[in-house]
2 protein chains.
Amino acid sequence: MEKLYGNAVVGQSGGPTAAINATLSGVIRGALAGVEKGIIGKVYGMRNGIEGLCEERLVDLGKIFTSEQRFLDLEHTPAAALGSCRKKLPNPKDNPLAFEFIIDIFKKYDIRYFFYIGGNDSMDTVMKLSEYVESIDYDMRVIGVPKTIDNDLAGTDHTPGFGSAAKYIATSVKEIICDCAVYTTKAVTITEIMGRDAGWLTASAGLARLSGGQGPDYIYLPERDFDMDSFFSDIRTALKAHPNVVIAVSEGVKFANGQYVCENMPGKADAFGHKQLSGTGTSLAAAVRAEVGCKTRAVEFNTSQRCAAHIASKTDIKESVAIGKKAVEYAIKGVSGHVMVYIRSKTGYKITIDSVPAVDVANKVRHVPDEFITPSGNNVTEKCLEYLRPLIEGEVKYRHEAGLPVHFKI
Amino acid sequence: MEKLYGNAVVGQSGGPTAAINATLSGVIRGALAGVEKGIIGKVYGMRNGIEGLCEERLVDLGKIFTSEQRFLDLEHTPAAALGSCRKKLPNPKDNPLAFEFIIDIFKKYDIRYFFYIGGNDSMDTVMKLSEYVESIDYDMRVIGVPKTIDNDLAGTDHTPGFGSAAKYIATSVKEIICDCAVYTTKAVTITEIMGRDAGWLTASAGLARLSGGQGPDYIYLPERDFDMDSFFSDIRTALKAHPNVVIAVSEGVKFANGQYVCENMPGKADAFGHKQLSGTGTSLAAAVRAEVGCKTRAVEFNTSQRCAAHIASKTDIKESVAIGKKAVEYAIKGVSGHVMVYIRSKTGYKITIDSVPAVDVANKVRHVPDEFITPSGNNVTEKCLEYLRPLIEGEVKYRHEAGLPVHFKI
């Protein structure tokens with residue numbers, strides 16, 4: 001037996017994805033293996049992330065995960081089984097009290113491993129917490145495991161959760177292209193896709209091209225200024241070629257002056273000051289109707305983009321479990337203040353998992369690179385599709401009850 | 001060999017579904033079996049329904065469906081592979097010219113079997129056409145095969161296409177309930193579901209209750225007057241029980257005065273004079289935000305309801321093929337002017353296929369019956385779920401390419 005080091009706690013934070021529970025499963029699998037070996041005492045789950053930790057809403061996961069089936073059910077359940085939060089920790093120098101409070105809880109439960117599964121803001125929590133525990137010489141390993149459907153985290157080839165969202169979007173766009181093709185009257189369908197700052201999810205609509213040959217006519221990403229005249233010109237060109245035009249547009253496209261295209265629609269800021277967007281598709285559909293005069297329709301994929309676990313990518317789910325497990329291995333080896341990342345092989349598609357310092361990830365945004373966007377700025381390149389394709393490969397198998405997917409509750 | 005009677009033509013009409021191509025496959029399978037037996041000469045497909053027929057845009061389906069795989073691919077392709085139209089035939093007494101024109105085309109191609117797969121308006125076409133050919137003694141069998149995601153056709157236990165749409169809706173609602181459950185702040189999510197006059201699809205959101213125990217808090221169907229005060233009271237009651245309230249509402253709900261709830265949103269009439277609805281969810285979300293003061297979100301499932309073939313019901317697809325095949329059998333037996341229907345066994349779930357006169361189906365709407373709606377009018381009964389449950393059972397298997405479903409093009 002190796003030496004007992006202490007207990008572990010795991011939490012989920014930020015917006016849900018179809019794969020964040022797969023990563024949770026990986027962490028629990030890894031940590032319970034550590035319990036078996038005598039290195040870890042108990043494995044706690046914090047309900048609603050750091051928020052629930054502060055309220056000592058902890059659950060003993062070892063008592064719940066007593067069969068392989070429970071892990072499998074969890075891995076195919078969307079959203080965050082432990083619950084989530086949107087709390088961002090203050091700067092430890094400005095407000096050490098919040099950190100002292102958390103450390104008291106760690107001491108009370110003898111917590112020496114802290115795993116936090118989340119997006120950009122959660123990696124900020126990992127960075128601050130690891131710096132703080134180091135500054136006070138509290139012996140603890142703090143590891144972040146990324147998740148975001150947006151794929152916009154720095155330091156990793158892609159993010160857990162992105163592949164499943166991309167598969168849902170590409171599948172739905174492909175089905176909508178079929179749907180639109182049935183009538184002979186001219187019509188423009190605008191699909192609005194999530195992605196506040198980065199166009200990865202919108203780009204994935206282009207994957208429909210690789211299966212059957214027809215993708216959206218145009219794809220507009222927030223990485224390029226949106227210009228109404230060019231847009232109308234694109235639409236007119238497409239309508240000359242065929243009557244059923246399908247567009248993919250990111251919710252976050254902006255004009256050259258920095259204004260969001262949907263800015264005339266109501267919106268408000270979330271807890272982090274991010275502007276909530278909606279209505280880009282609706283606004284553009286109305287503009288096309290007025291300018292071009294044809295029938296238009298706006299389709300907003302909305303919440304299903306982040307929770308459609310029934311069409312999750314098998315690659316994404318497998319990798320998401322693996323990165324959770326690896327996080328525990330790294331913590332046991334003594335790594336702290338790091339975020340786990342995927343590294344892709346130079347040729348083919350092989351992923352290895354490693355870690356990078358949280359400071360290299362937190363509060364950075366990884367945009368779609370220039371080489372992935374056509375020079376005209378209204379579509380994605382073959383190179384982009386090559387990058388995306390392996391991420392959506394494979395179909396998940398899950399249990400059904402009454403014709404519906406079985407979801408696991410903690 | 002039986003006696004050669006003539007050629008067959010099949011068309012699709014009205015809004016697409018995930019199962020209308022399965023029915024097309026069934027008709028082609030049945031008709032090509034008739035070709036084998038020497039009863040039928042050629043099997044034509046009309047592109048874009050009656051509209052393409054009038055323009056002689058016919059395709060020889062026998063030349064295309066030369067392998068079992070092509071049938072299988074077609075059965076898992078959403079929308080209408082032959083294309084669709086929204087043309088309604090005039091009354092033969094008012095305008096016999098249109099019918100004379102069609103008969104000339106029938107004679108030119110020696111068409112003696114006419115199969116039309118469509119909804120309510122298409123069954124009107126079947127009725128008028130069969131009456132006309134009978135009135136002029138043109139020897140022909142005209143058969144309608146129903147399809148509609150709305151499940152609102154009279155004379156049948158349910159409609160081909162409904163089960164798949166219901167499975168998509170119930171699955172998505174279940175996933176959204178997971179998604180909503182992750183935060184502790186009070187929030188109301190309103191899912192807006194298709195169904196202009198009948199609430200069948202909205203009712204199917206309740207199926208989530210049968211798998212895991214939690215369905216939407218309330219379900220509002222167009223079969224009941226919508227009352228804002230009762231609605232706000234429902235929301236307040238639900239928010240006392242738990243913070244994450246999820247509502248399912250039909251796009252077609254109306255106030256007691258007959259006005260649509262979304263009437264303040266822009267809308268226009270389609271070719272049949274039906275008012276196009278959208279914005280019920282958005283309107284109600286805004287109303288709840290103003291009245292109750294909590295966070296709200298509207299999710300409109302939109303087009304995917306009728307084309308999400310990736311999550312089609314196996315039961316629906318199997319039955320949809322079978323009803324197409326049976327239509328050909330009935331036509332060969334001499335049935336004309338009829339619409340094919342499903343009849344459910346008194347106990348258990350066993351479907352037999354028969355036909356009823358088109359006049360008993362056309363221009364009628366089958367509503368959700370009183371016994372399927374709770375006395376308070378804001379949810380569905382267990383009896384309703386018992387009726388719905390078998391319709392979404394079973395998962396389809398389909399081919400993939402680049403991680404996406406393979407779709408068949410004619």
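Begin by selecting β1 (6-12) and β2 (40-46) of chain A, which pair in the parallel sense over four bridges; two strands are taken to pair if DSSP finds at least two bridges between them, and strands (E, at least two residues) and helices (H or I, at least four) are DSSP runs numbered from the N terminus. This is a predicted model, in which local features need pLDDT of at least 70 and side-chain atom pairs count only at pLDDT 80 or more, while totals for chains, interfaces and linings use all residues. Residues are numbered from 1 along each chain as its sequence is written, and chains are lettered from A and ligands numbered from 1 in the order in which they are written.

Within this pair, A8(A) stands opposite V43(A) in β2(A).

Axes here are lines fitted to C-alpha atoms, for helices over the stretch in contact, and angles run from 0 to 180 degrees between N-to-C directions; two residues are in contact if their C-beta atoms, placed from the backbone, lie within 7 Å. Together β1(A), α1(A) and β2(A) make a right-handed β-α-β unit, right-handed meaning that, with the strands pointing away from the viewer, the path from the first strand over the helix to the second runs clockwise.

Widen the view to the whole sheet. In chain A, seven strands in the order β3-β2-β1-β4-β5-β10-β11 form an open sheet with mixed pairing. The edges are held by β3 (58-60) and β11 (351-357) of chain A, each with a single partner strand, so one side of each is left without a neighbour in the sheet. From one strand to the next the twist averages 30 degrees.

For a local detail, go to E56(A), in the loop between α2 (49-54) and β3 of chain A. Its phi is near 55 degrees, a positive value in a residue other than glycine, and E56(A) is exposed, with 11 other C-beta atoms within 10 Å.

Now colour chain A by domain: the assignment, which is automatic or taken from a database, gives domain 1 (6-160 + 309-364 + 393-405) and domain 2 (169-305). Their C-alpha centres lie 33 Å apart. Eight residues of domain 1 are in contact with 11 residues of domain 2.

Show both chains next. Which element gives the most to the side of chain A that touches chain B? In total, 51 residues of chain A are in contact with 51 residues of chain B, and on the chain A side α7(A) gives the most, with nine residues. By class, that side has 23 nonpolar, 18 polar and 10 charged residues, where Ala, Val, Leu, Ile, Met, Phe, Trp, Tyr, Cys and Pro count as nonpolar, Asp, Glu, Lys and Arg as charged, and the others, Gly among them, as polar.

Finish in chain B with R224(B), in the loop between β7 (218-220) and α9 (228-241). R224(B) counts as buried, with 20 C-beta neighbours inside 10 Å. Leaving aside neighbours within four places in sequence, R224(B) is in contact with I373(B) and G377(B), and its C-alpha atom is separated by 8.6 Å from that of A256(B), 32 residues apart along the chain.

Methods. A residue is buried if 20 or more other C-beta atoms lie within 10 Å of its own, exposed if 12 or fewer, and partly exposed in between; C-beta atoms are placed from the backbone.
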